[in-house]
Amino acid sequence: PCIEFGYQSVALIPLRTGAETIGLLQLNDGRPNLFSSRLVRFLEGLGNTIGIALARKHAEDALRESEELYRRIVQDQTEMICRCLPDGTIVFANGPFSRFLRRPEDSLVGTCVHDLVSGEAWAQLAKAVEGQTPSHPVAALELPFAFPDGRSGWTRWTLRSFFDEGNVRVASQATGSDVTSEKMAEEEHRLAAVGQLAAGVAHDVNNYLTAILGNVDL
């Protein structure tokens, strides 16, 4: 086909990234003997540069697609999801988390978890994260939560830390839910059980007192 189109010089340059060939660059010219050995070596070097650039672009596109897929998945979750750097800086927060805090998602990214959690809850959270290791990266805990407007409640979290090849923590993710209603129901059940116990004790004591008072009358 090259001869039919009038090409007398043809060069096929592989596009490589390392030992892998990811493409082929074809150069055609109507002049004979155009591609000298020196020019071919230059084009091969250019092919390696193009190959590396293409591989990097493909990797960036795949990462971007992966991040977008991850974002769509976590936004559809009913649980709260928050991802942080080792210093506590929030890099991602989904809709349920922002709605729980009654703050826009954009206002949460870049802030520190310490600004949202304080006091005893922060001490428990920091201790749980510090205790995570590459062999035990997951922890679960319940935290009391106080809001600036005076509201209070309880949250239940699953914490996971991510480590690099050197076993250095690079990020942490918290997945949680609001369990205030559940806690309130448990407290009501506990109070009801205590009330029943007190009523039973009062009934027994009353029976003993009745017998004692009857004997005193006699």
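## Aromatic pairs

A search of the whole structure finds 2 aromatic pairs, where rings of Phe, Tyr and Trp (its six-membered ring) pair if their centres lie within 6.5 Å, and where planes under 30 degrees apart count as stacked, over 60 as edge-to-face and the rest as tilted. Select Phe97 and Trp157 to begin: their ring centres are 6.1 Å apart and their planes stand at 75 degrees, so this pair is edge-to-face. The pair links distant parts of the chain, with Phe97 in helix 2 (residues 95-101) and Trp157 in strand 6, 60 residues apart; helices (H or I, at least four residues) and strands (E, at least two) are DSSP runs, numbered from the N terminus. Phe97 counts as buried at 6% relative accessibility, and Trp157 is likewise buried at 6%, where buried means under 20% relative accessible area, exposed over 50%, and partly exposed in between (1.4 Å probe, protein chains only).

Now select Phe100 and Phe145, whose ring centres lie 5.3 Å apart with planes at 75 degrees, so that this pair is edge-to-face. Here too distant parts of the chain are linked, Phe100 being in helix 2 and Phe145 in strand 5, 45 residues apart. Phe100 is buried, with a relative accessible area of 13%, and Phe145 is buried at 8%.

This is a predicted model, in which local features need pLDDT of at least 70, side-chain atom pairs count only at pLDDT 80 or more, and totals for chains, interfaces and linings use all residues. Residues are numbered from 1 along each chain as its sequence is written, and side-chain values use heavy atoms, with hydrogens and water left out.

## Salt bridges

How many salt bridges does a search of the whole structure find? There are 2, a salt bridge being a side-chain nitrogen of Lys or Arg within 4 Å of a carboxyl oxygen of Asp or Glu. Select Glu142 and Arg156, whose side chains meet in a salt bridge at 2.7 Å, N to O. Glu142 lies in strand 5 (residues 138-146) and Arg156 in strand 6 (residues 152-163), so the pair ties together parts that are 14 residues apart in sequence. Glu142 is partly exposed at 25% relative accessible area, and Arg156 is partly exposed at 31%.

Asp29 counts as buried, at 17% relative accessibility.

## Strand 3 and its partners

Select residues 80-84, which make up strand 3, a mostly covered strand with 4 of its 5 residues buried. Strand 3 pairs with strand 7 (residues 169-178) in the antiparallel sense over 5 bridges, two strands being counted as paired if DSSP finds at least two bridges between them. Within this pairing, look for Cys82, which stands opposite Ala174 in strand 7. Strand 3 is also joined by 3 bridges to strand 4 (residues 90-93), and these two run antiparallel; Cys84 stands opposite Ile90 in strand 4. In the hairpin of strand 3 and strand 4, which has 5 residues between the strands, select Gly88 to find a positive phi near 95 degrees.

## Last selection

Finish at Leu209, which is placed in helix 5 (residues 180-217) and counts as partly exposed at 44% relative accessibility.
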